[in-house]
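Subject: Structure handover

Hello,

Here is the structure I promised to pass on. My notes follow below it.

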Amino acid sequence: MGSALRPLAIAVEIIILMGVIYSLFLAVKLSALDFGLEEKYQKFIDWVFMIMGCLALVFFVAHLITFYPRLLALTLH
Amino acid sequence: MDSLTRFWTGQEVYIMKVFLPIIIGFLVLFMGLLAIFALSIWWRHLRLWHLGKEENRSDRGALRLKSLLAVTFGHLRFWKELYPGAMHFLIFWGAILIFLGKIVRLFSYPVGLTNPPQAIFQYASFVSEIGGLLVIIGGCMAVYRRYIVKPSRLETKPTNTLIYLWGAVLLMTGYFVKGYRIAIIGGSVVPDWPFWSPLSYLISRFFLILPTDPLNELLVWHRVLIHALPAFLFFAYVFITRTPLQHFFLSPINIYFRNLKLRGVLAPIPNFEEAETFGVREISEFTWKQLLDLEACTNCGRCQDVCPAHLSQKPLSPRRMTQNLKDHLSREGPKLLATLPDQRQPEAIMGTTVSEDELWACTACMACEEACPVYVEQIIRNIDLRRYLVLVETKYSSEVRLTLKNLEKSNNPWGMGRGLRTDWAKELGVKIFSQLPDPKILFWVGCCGSFDARNQKVAISMVKILQASGIQFGILGNEEGCCGDPARRIGNEYLYQTTAQANIEILKRYGVKTIVTLCPHCFHTLKNEYPQLGGDFQVIHHTQFLMELISSERLKLTKPINKVITYHDSCYLGRANQIFEAPRRILKSIPGLKLVEMERHRNRSFCCGAGGGRMWMEEHIGTRINQMRTDQAIEVKAELIGTACPYCLTMLFDGIKEKGKEETMAAYDLSELVDQSM
Ligand code: SF4
Ligand code: SF4
């Protein structure tokens, strides 16, 4: 049961982690605009964050596949 | 092992090794963040408000505090709309519970208050869990409404989406931290978990865990960091940038400094003769409170949903206007602050941020202010902008020009000769107040009652009632002038003040003490605005007076009127002066009449379209507001529309005609119905 759950659990973790990353990047962009950054830089920022986001995604996928736990708490105790 | 000890089984290591260092780090950084927050309040908000003009809003501190607590914690003004009210209530109280639970857990351990195992830690855990659940429910309701229902009043900006997403992530990661801890320790081993941490316990049942304790410790450490770091950055984002969530401190400040006077009372321009400019041209000419209003607006759109101008497709939305002015302030404010006062070249508001059509569309009906949960004041701000247009730029439509000219020349908006003012009363034997030996009551007829054919009938009915009740009353006759309401709401404060002062002088000369008015606009102006110019009189609206006559049985209503009637609350009688009962009690005293309410009644009443000087302007854009109100009366199958205002009567009378319903429907002033029933 534990191994069947693992890909699903990893997917959930990745969604949450990417939620964190997306929130942080969007917050940085909106803060910069709020502090007076000109709108014309928006596209550039979007691209930079898109690339960084993709790198983060690759890292999280690799990291979680390698290290994510395999035992189901229920069956262990 | 007692239940408390069992609850702590296996937790100590995580608390000491994992949480404590992160908590300490978080707290140290948070102190720094609070200092930056304080600085940003001063730099980004207080300095901007200081650009505005002086205004005293610090009177009656205890009352302000009481209403602040009631509105904030009891959500008094939110419950007017059940769904958004419940949604905000859940999120607000959920967040408070999470915060309380966290605070107890954050601070109790380091200071030894709850050196485990102690029960308060369990309670705090429970409180946080329930708080989180409330936020989840409220958040889901908010997401459903904003992204699926999409009501037109809600404007979704990227920052709104960010806050929902970030909030969801923080909640999930928070539950994951505790859930994983429970999974490692073993929920079944510690049977108290399901009770004290129900949600986390549920999640824990599905967690995969690592085989050894050190590895699990490492994963908990990861999880805590993934929760704590974004949480800290979330606070930083909310504290420092202008996000909608800043309403958590801006709204309470605005509620505290709210207007405690009667709604709709305009302030006079002080030192009129010496003033160099009038009204508001640029942002720093607003008062500090008006600037605070702009920042406190949460963009919730409640005002837009009730605005007759917006609903009738005029280019005005009070929400959008407030938000546009807020952007104007954020854009122009820092520029002004960076320049020496004598070198400032501030951008004009009219034409850049607010359009003339938008401004003139406002009927000054106060529905927006009634609906606003954080007491943003719109009317005075709009009139300030109109004052600049009218008094400085002399920019207004030809209809407004004609009205103002008529008021100046003939002291009434129609431009009728002053000598014609009493023509309606010729056959009635009405006495002139100054000629009465012992006059008790002055009947203030108003311009509509004096000159408008439809409203003259109302004045006649009122005279008949007064005579039948044996009241000693008189009228000012040709000495009566316009009360000044149209000039004031249009923005010509100079004309208002000269008109009002002339009236006050006459009223004082004749020793007038008690005035009965037909018109809520005259009533409001004489009662609430003349005192600003030294005119203190007892002013009674005719519905109050009639009610008094009926209750004291000086007036007996015997003839039945077997009709279904709906009562239209006038904005200046109802919302401004809170007179809702007297008109209804009069209607209930008339035999045969059956009163049905329209959906929008009392405080929520829908304007007839004539307030704010709009009585004297054409409605070129969108649907006619009077037709919309007539439709609302048709919807409840009313045969009669009762009013207590000559403006409303005119508008609804026209509305019935325009809708082709003259055969089945009629509009009457309440005094006419009383007259018919006598
Ligand atoms: S006063 Fe009435 S018309 Fe004017 S903005 Fe408010 S709701 Fe709209
Ligand atoms: S003015 Fe008040 S009701 Fe209107 S959007 Fe702002 S907070 Fe909401």
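Ligand 2 comes first. The residues of its shell divide into seven nonpolar, four polar and two charged. Here Ala, Val, Leu, Ile, Met, Phe, Trp, Tyr, Cys and Pro count as nonpolar, Asp, Glu, Lys and Arg as charged, and the others, Gly among them, as polar. There are 13 residues around ligand 2. Cys297(B), Cys300(B), Gly301(B), Cys303(B) and Cys372(B) come nearest. A residue is near a molecule if one of its heavy atoms lies within 4 Å of it.

Before the rest, the ground rules. This is a predicted model, where local features need pLDDT of at least 70, side-chain atom pairs count only at pLDDT 80 or more, and totals for chains, interfaces and linings use all residues. Residues are numbered from 1 along each chain as its sequence is written, chains are lettered from A and ligands numbered from 1 in the order in which they are written, and side-chain values use heavy atoms, with hydrogens and water left out.

Now ligand 1. The space it takes is the largest cavity. (A molecule sits in a cavity or pocket if more than half of its atoms lie within 2 Å of its grid points. On a 1 Å grid over the protein atoms alone, a cavity is a set of points where a 1.4 Å probe fits but cannot get out; a pocket is an open set with protein on both sides within 12 Å along at least five of seven lines; lining residues have an atom within 4 Å of a point.) The largest cavity holds about 110 Å³ of space, the volume being that filled by probe spheres set on the points, which are joined across faces, edges and corners. Of its 15 lining residues, Cys307(B), Leu316(B), Pro318(B), Cys362(B) and Cys368(B) are closest to the centre. The lining has 12 nonpolar, three polar and no charged residues. The shell around ligand 1 has 11 nonpolar, one polar and no charged.

Next, the second largest pocket. Its volume is about 1100 Å³. It is lined by 41 residues, with Leu30(A), Leu33(A), Asp34(A), Arg242(B) and Asp327(B) nearest its centre. By class, that lining has 14 nonpolar, 13 polar and 14 charged residues. Helix 14 of chain B gives the most, with seven residues. (Helices, H or I of at least four residues, and strands, E of at least two, are DSSP runs numbered from the N terminus.)

Last, a sheet. Four strands of chain B form an open sheet in the order 7-6-8-9, with parallel pairing. (Two strands pair if DSSP finds at least two bridges between them.) Strands 7 and 9 of chain B each have a single partner strand, so one side of each is left without a neighbour in the sheet.

Best wishes
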